Amino acid sequence: MWTIIGLVLLTQLLVVVFAYLVLAFGAGLVAVSALLALVPLAIVVLTATWIDAWEPEPWAAKVFAFLWGAAAAITIALLFDVGQRFLTAIPESSILSATVRAPIVEESAKGAVLLILVFAARRTFDGPIDGIVYAAFTAGGFAFVENIQYFGTALHSGGPGEAATVFVLRALFSPFAHVLFTSCTGLAVGLAARRRGVGRIVGAFVAGLAVAIVLHSVWNVAGYLGFWGVYLFFEFPIFVAAVVTVVLLRVREQHLTRDRLDEYGMAGWFAPDEVVLYGTRAGRRRVRAWARARGGEAPAIVRSMVRDTTRLAMDRQRLVTGAADVDTPAEEAALLAEISASRSRLYGLG
């Protein structure tokens, strides 16, 4: 119920944001700018979905993160812009505003949803990959609306030529800029979520947010010191390091799932071939192909088995490492019951 209420409220706020953009640029420019902004958004969403493929997070939570970035975080940033104009003598285009105010406000606004989700979706938000995925959807939403504003401004003031330049720089050379910043917060929160202590999670959030603000600030400095120098010698190496980190985390997550399911197999909960089917990439491809060929309810049951076996492995990891809380044994028992029921349904299908 609360999820539905949150999605409805954020959707309504997004409508208000688009109404503001239409008043500022006109419906035609907003429509064209939105089409252009869909290009970097598609790149971000497809990448985040790939990162999330092994242990997919609930789509409702990912949509909530996206809407938060596109509506709530954008609104917070706009309100601070208005407040700055009326209450301070700092012009919006000044280097102080770009390198101090904007990174602090925008990263705090985007990062806030990670604190909401880590407690609201505590059963599934339990690792660094999860934090990166939610951060990517949030940043993707924020960048989508921000790009509409940038493209609209370029079209209005400089025409197609200036808009093309802005599009190449923002959509093709730096579609992951906001994702990179906010992922620092998501990674930190996800690491802390393994043990689920409130103080630990809040402390990690503050630390990750500080790194995100610094990276964002350096990126904004590029507009004053030279875009390509900062891009090639600072941001691009950090982006490559982030890609390597994500790949290593994904590989570790896959190995961890196989190892923990092996333990359940030795205890009699899974047959050896089931451990391979649900604990390896090749096995999952095989069982999904069988489900598609079988048709009917088979694909849905297999998706449930893949999701539940992966969550079971993560629960087992917390128990093994001493990071479990009082609810973990009950969650483990519930997952084992769900897996047994799904297995019976699959065997019933042949």
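Modeller: pLDDT is the predictor's confidence in each residue, from 0 to 100. This is a predicted model, with pLDDT of at least 70 needed for local features and 80 or more for side-chain atom pairs, while totals for chains, interfaces and linings use all residues. Numbering starts from 1 along each chain, and side-chain values use heavy atoms, without hydrogens or water.

Biologist: What does the protein average?

Modeller: A pLDDT of 89, with 96% of the residues at 70 or above.

Biologist: Which residues lie nearest the centre of the largest pocket?

Modeller: Ala98, Glu146, Tyr150, Arg170 and Asn220, out of 33 lining residues. (A pocket is an open set of 1 Å grid points where a 1.4 Å probe fits, with protein on both sides within 12 Å along at least five of seven lines; lining means an atom within 4 Å of a point.)

Biologist: And which helix gives the most to that lining?

Modeller: α5, with 11 residues. α3 (59-87), α4 (95-120), α6 (177-193) and α7 (198-225) each supply at least two.

Biologist: How does the lining divide?

Modeller: Into 17 nonpolar, 10 polar and six charged residues.

Biologist: Switching topic, how do α11 and α12 cross?

Modeller: The axes of α11 (residues 298-321) and α12 (residues 328-348) come within 9 Å and cross at roughly 155°. So the two are roughly antiparallel (over 145 degrees).

Technical notes: Helices (H or I, at least four residues) and strands (E, at least two) are DSSP runs, numbered from the N terminus. Ala, Val, Leu, Ile, Met, Phe, Trp, Tyr, Cys and Pro count as nonpolar, Asp, Glu, Lys and Arg as charged, and the others, Gly among them, as polar. Axes are lines fitted to C-alpha atoms, for helices over the stretch in contact, and angles run from 0 to 180 degrees between N-to-C directions. Angles under 35 degrees count as roughly parallel, over 145 as roughly antiparallel, 65 to 115 as roughly perpendicular and the rest as oblique.
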